[in-house]
Amino acid sequence: MQDRQFAGYDVIGDIHGHADELVGLLGELGYSESPQPSHPRQQGLWSHPLRQAIFVGDLIDRGPQQVRTVDLVRSMVEAGSARMVLGNHEFNAIAWATRDPEVPGDHLRTHLGERGEKNRHQHEEFLQQVGGDSPLHHDYIAWFRSLPLWIELDAGLRVVHACWDQRSMDLLKPLLAADHSLTRQALVEGSRKGSPQYEAIEVILKGPEIDLPDTHHYCDKDGNVRRRARMRWWDPNATTLRQVAELLEGTNGPDGGVLSPVPETPLDAGVHQPYTEAVPVAFGHYWRSPATAICTATTVCVDYSAGSGGPVVAYRWSGGPFDETQLVGFPSLEQSTR
């Protein structure tokens, strides 16, 4: 089925339950709200006469307005004024809520033991706001499962949550629905750590990672010790570990001190296979900044850490290569400290 033609597309980054900021951004972009009297929570419908919004996922977890956020975006998607790809937080929510057919009493994202406690902690805010195991919770999970893992527009734009990796996509396609949404088989096999399907979903929803030396284990934003770094899959010029490792400035090591620069170790052949196609890709997930949002002429990141006080951001695409003049944030990018 061909896409309806719009004058342009507004790719909106991770929101993490910050509905007020999303509403502010939609207003800045020229979208307007019309009443939806039939909506169970009086959620209005936001739309633009000429443009369509595309959300990169991660509507949930962290923020204070997760129900309102999901309702707002879902209304737009169902009305055709927006589209959305699945984020890793929505995938985790689905797996948390889905019984494991091979482990009686547990779920695909385990609830048991130390790992289960960590998973619950990461997801606790969403469960509290939506009501764990409530009818609303199950309704949201069913909607999340209807979302595609990636979108490729006829207009010539690709959108994915974290990484456009054709090899991972080709591996998953036989298991996915025609619109690239999850089937039960894809969900189950994609939740088995170590399986090819698991690794493919990890790359698409979290991006590829690379091992760090023992001297450079670090603490992530939630205080968890990490031994691998995200890779700058978009950078064709990265040839060393320092150049390819995506670590935020000021990252702390496990001892609390600021991590020293990653060594300039040359990469082994085949470790880094950057995106080099001419088709532009917009993505989220990476907690970047206005200065680093335009990764290359064909790759742009629209996640400025809204889940940690940053703005909700959109890239206004109407064709052509990416450039910073088309980035819009709320609060404004000039006010952002990240």
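**Handedness of the α2/α5 crossing**
I started with how α2 and α5 cross in this predicted model, and the crossing is left-handed. I then looked up which residues make the contact. On the α2 side they are Val67, Val70, Asp71, Val73, Arg74, Val77 and Glu78. Leu136, Asp139, Tyr140, Trp143 and Phe144 come from α5. Sorting the residues of this contact, I get eight nonpolar, four charged and no polar.

**Angle and distance**
Next I checked the geometry of the pair. Helix α2 covers residues 66-79 and helix α5 covers 135-145. I have their axes 12 Å apart, at an angle of about 45 degrees. Angles between 35 and 65 degrees are in the oblique range, so I call α2 and α5 oblique to each other.

**Length of α2**
I wanted to see whether α2 spans what its residue count predicts. At 1.5 Å a residue, its 14 residues should span 20 Å. The end C-alpha atoms of α2 are 20 Å apart, so the two agree.

**Burial of α2**
How many of the 14 residues of α2 are buried? I get ten, so α2 is largely enclosed by the rest of the structure. The buried ones are Gln66, Val67, Thr69, Val70, Asp71, Leu72, Val73, Arg74, Ser75 and Met76. Among the helices they meet α1 (19-28), α4 (113-130) and α5. Their strand partners are β3 (45-47), β4 (51-55) and β5 (82-84).

**After α2**
Last, I looked at what follows the helix. Gly80 comes after α2, and its phi is positive, near 90 degrees.

Note on methods: Residues are numbered from 1 along each chain as its sequence is written. This is a predicted model: local features need pLDDT of at least 70, side-chain atom pairs count only at pLDDT 80 or more; totals for chains, interfaces and linings use all residues. Side-chain values use heavy atoms; hydrogens and water are left out. Axes are lines fitted to C-alpha atoms, for helices over the stretch in contact, and angles run from 0 to 180 degrees between N-to-C directions. Helices (H or I, at least four residues) and strands (E, at least two) are DSSP runs, numbered from the N terminus. Angles under 35 degrees count as roughly parallel, over 145 as roughly antiparallel, 65 to 115 as roughly perpendicular and the rest as oblique. A crossing is left-handed if the near helix is turned anticlockwise from the far one by less than a right angle, and right-handed if clockwise. Contact means heavy atoms within 4.5 Å. Ala, Val, Leu, Ile, Met, Phe, Trp, Tyr, Cys and Pro count as nonpolar, Asp, Glu, Lys and Arg as charged, and the others, Gly among them, as polar. The expected span of a helix is 1.5 Å times one less than its number of residues. Buried means under 20% relative accessible area, exposed over 50%, partly exposed in between (1.4 Å probe, protein chains only).
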